[in-house]
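Hi,

Here is the model I promised to pass on.

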Amino acid sequence: TKCLHTRILDQCAIVENFALRYFLERSMLLNHFVLLRHFMLGLGSYMQHFASSLLSLMILERERQKRHLTKNDASIWCSVVDGCHQLSTSLSALCGLVRDSDISFSYHVDLSDSHRDGVDLNPFHENALTFFRVFYDVASPLSLFLDEAVIAKYTKLHAFILRHIYVENVMNRLWLVLSRDDWKNLQSTQNEILRYHLFRHKLQSVTAALSQYIRNKLGIAWEKFFAILCGKEGYQKMGLRGLHDLYSFQHDDLDWLLLAFFQFPRTTSSRVRSYLDEYYSIVFSIAGELLSSRTNLTNQYKKEIHRNGSICIDDQGILHYEERLAAFMDGFKCCLRAASSDGTSTNEHFRDLLQLMFFSEVG
């Protein structure tokens, strides 16, 4: 009986391994993992192209609405988002990785009355990216692995990463506007122009640190994920024995990224998210002031010049944003410092971000 039991287990192991190889190779599941990394997690250039073209087209559409006094039109926004997706897919050269019949990746625009209440389609509103949803559907039997639970985790990560990449593009726009001759036409002093550039530089340093942190975590996760799937040297002991191992492994991989990007409903992660929300709000606010129309600083801002020739974005001027950023930096440092030494299994992520954001903070 013991001998028979051993043989049955051996045969089961052979069948499980064959099924695993079949899904990874014949069903191109590995290619789908690559595509999900591209479309949803920013591996490669797709999300960068998408965010850049989305920002540009949203600005153009916003200006068109203002000129013609029109309201939000779902069909127009669907065309905008779909056009960005098609363009980005072509630019990122992802076509051909899987059969077209095996995949359905798309964005769905939601401008229903119930949803529109909390959304401003201003491209520089902090909720600018909440008017559409992302979908990634696959044909059976791949849907056994890429089920709703898995796609839900990808979607959550996608929202976090896309917002940051979108902010990167907003920061690039901000630099371009501050470098335009419009500032010189206002006859402002060089010191005040320099003050805006210095403030943008402070914002850029934070954005760059967050970008590096996100790239580092995505790189670490993908390197381990790909190595284990392919059984690379040094990862054999962590190899997958069957389909159940594969399913559990991808959930573990996504959970690790959710922890790294502070997306789990934990008290410390929630505090980090609130600080990140504040930072992005600062970027969107000042960008909205300076980039809300093509006539930046040439019409409405000429009316807001002080008697001494200085430029004022609002009544409080640039000082308001400088104070908000200083409060963010102080609070965020304290938050990360406390979280990185709380003794939990996730403190490595807080410590890594702390060292990137405030490089003098070691240990």
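Below is what I found in it, starting with the whole chain and ending with a few single residues.

Before you dig in: this is a predicted model, so local features need pLDDT of at least 70 and side-chain atom pairs count only at pLDDT 80 or more, while totals for chains, interfaces and linings use all residues. Residues are numbered from 1 along each chain as its sequence is written, and side-chain values use heavy atoms, with hydrogens and water left out.

**The chain overall**

Read from the N terminus, the order is α-α-α-α-β-α-β-α-α-α-α-α-α-α. Of the 363 residues, 45% are buried (under 20% relative accessible area; exposed is over 50% and partly exposed is in between, with a 1.4 Å probe and protein chains only). If you take contacts (heavy atoms within 4.5 Å) between residues at least 6 apart in sequence, 78% of them join residues at least 24 apart.

**The core and Phe261**

The largest nonpolar core holds 92 residues, and Leu203 and Phe261 touch the most other members. By nonpolar core I mean a set of buried Ala, Val, Leu, Ile, Met, Phe, Trp, Tyr and Cys residues joined through side-chain atoms within 4.5 Å. Leaving out residues up to four places away in sequence, Phe261 touches Leu157, Phe160, Ile161, Tyr213, Ile214, Lys217 and Leu218.

**Aromatic pairs**

The whole structure contains 17 aromatic pairs. The criterion is ring centres of Phe, Tyr and Trp (its six-membered ring) within 6.5 Å, with planes under 30 degrees apart called stacked, over 60 edge-to-face and the rest tilted. Tyr213 and Phe261 make an edge-to-face pair, 6.4 Å centre to centre with 70° between the planes. Tyr213 is in helix α8 (residues 190-230) and Phe261 is in the loop between α9 (243-260) and α10 (267-291), so this pair ties together parts that are 48 residues apart in sequence. Both residues are buried.

Trp222 and Phe226 form a tilted pair, at 5.5 Å and 40°. Both sit in α8, four residues apart, or about one turn of the helix. Trp222 counts as buried because its relative accessibility is 15%, whereas Phe226, at 27%, counts as partly exposed.

- Phe262 is in the loop between α9 and α10. Its phi is near 60°, a positive value in a residue other than glycine, and Phe262 is buried with a relative accessible area of 1%.
- Ile59 lies in helix α3 (residues 46-68) and is buried at 10% relative accessibility. Ile59 and Phe124 are 65 residues apart in sequence but 8.8 Å apart in space, C-alpha to C-alpha. Not counting residues up to four places away, Ile59 touches Pro123, Phe124 and Arg173.
- In helix α12 (residues 347-357), the buried residues are Asn347, His349, Phe350, Leu353, Leu354 and Met357. They cover an arc of only 155° around the axis, so they lie on the same side of α12; the arc is taken from the directions from the helix axis to the C-beta atoms.

Cheers

Technical notes
Helix = DSSP H or I, 4+ residues; strand = E, 2+ residues; numbered from the N terminus.
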